[in-house]
Amino acid sequence: ARGSKLIGKPLEAAVVITASEEDAKFLRECGQDLAKLCIVSRVTVKTGEGEGESYDVLGGIKIAVSHIEGEKCARCWIYDPTVGESAEHPCLCARCASVLTK
């Protein structure tokens, strides 16, 4: 995706992983850590056919990358649709705003 100029930086990416039911269950259990591990703003895990590049060495998992929508959080740099929702911290995502208000 970076080579084809779809994204400029890794955090500008939204990734969709399509996997078997068993693999998808494992990946979903990783939660937000999966996005952190991939160094992207969002990872969505699906089952079924899916679109994207197919990786047989990973058990037939398919991975699709797109440019993420939303604004960049000034604290964590993640692109998130919740940036701007906090009146007290308009430049932050909901997660970072909640951390600073505790």
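An open sheet is formed by four strands in the order E2-E1-E4-E3, with mixed pairing; strands (E, at least two residues) and helices (H or I, at least four) are DSSP runs numbered from the N terminus, and two strands pair if DSSP finds at least two bridges between them. The model is predicted: local features need pLDDT of at least 70 and side-chain atom pairs count only at pLDDT 80 or more, whereas totals for chains, interfaces and linings use all residues. Residues are numbered from 1 along each chain as its sequence is written, and side-chain values use heavy atoms, with hydrogens and water left out.

The edges of the sheet are E2 and strand E3 (53–55); each has a single partner strand, so one side of each is left without a neighbour in the sheet. On average, neighbouring strands are turned by 25° against each other, direction ignored. Axes are lines fitted to C-alpha atoms, for helices over the stretch in contact, and angles run from 0 to 180 degrees between N-to-C directions. E1 and E2 pair in the parallel sense over six bridges, and Ala-14 stands opposite Arg-42 in E2. Helix H1 packs on the sheet, where it touches E1, E2 and strand E4 (61–67), and its direction makes about 155° with that of E2. Contact denotes heavy atoms within 4.5 Å.

A nonpolar core is a set of buried Ala, Val, Leu, Ile, Met, Phe, Trp, Tyr and Cys residues joined through side-chain atoms within 4.5 Å. Buried means under 20% relative accessible area, exposed over 50% and partly exposed in between (1.4 Å probe, protein chains only). The largest such core has 13 residues, and Ile-17, Leu-27, Leu-34, Val-40, Val-43 and Val-45 have the most contacts inside it. Two or more residues each come from strand E1 (13–19), helix H1 (21–29), helix H2 (33–38) and strand E2 (42–47). E1 gives the largest share, four residues. Another core, of six residues, lies apart from it and includes Cys-73, Cys-93, Cys-96 and Ala-97.

Ser-41 is located in the loop between H2 and E2 and is buried, with a relative accessible area of 8%. Its side chain reaches the backbone nitrogen of Tyr-79 at 3.0 Å. Pro-90 lies in the loop between strand E6 (79–80) and helix H3 (94–100) and counts as partly exposed, at 45% relative accessibility. Leaving aside neighbours within four places in sequence, Pro-90 is in contact with Val-83 and Gly-84.

Note on methods. A polar contact is a pair of N or O atoms within 3.5 Å; within protein, one must be able to donate a hydrogen and the other to accept it, and residues adjacent in sequence count only if both atoms are side-chain atoms.
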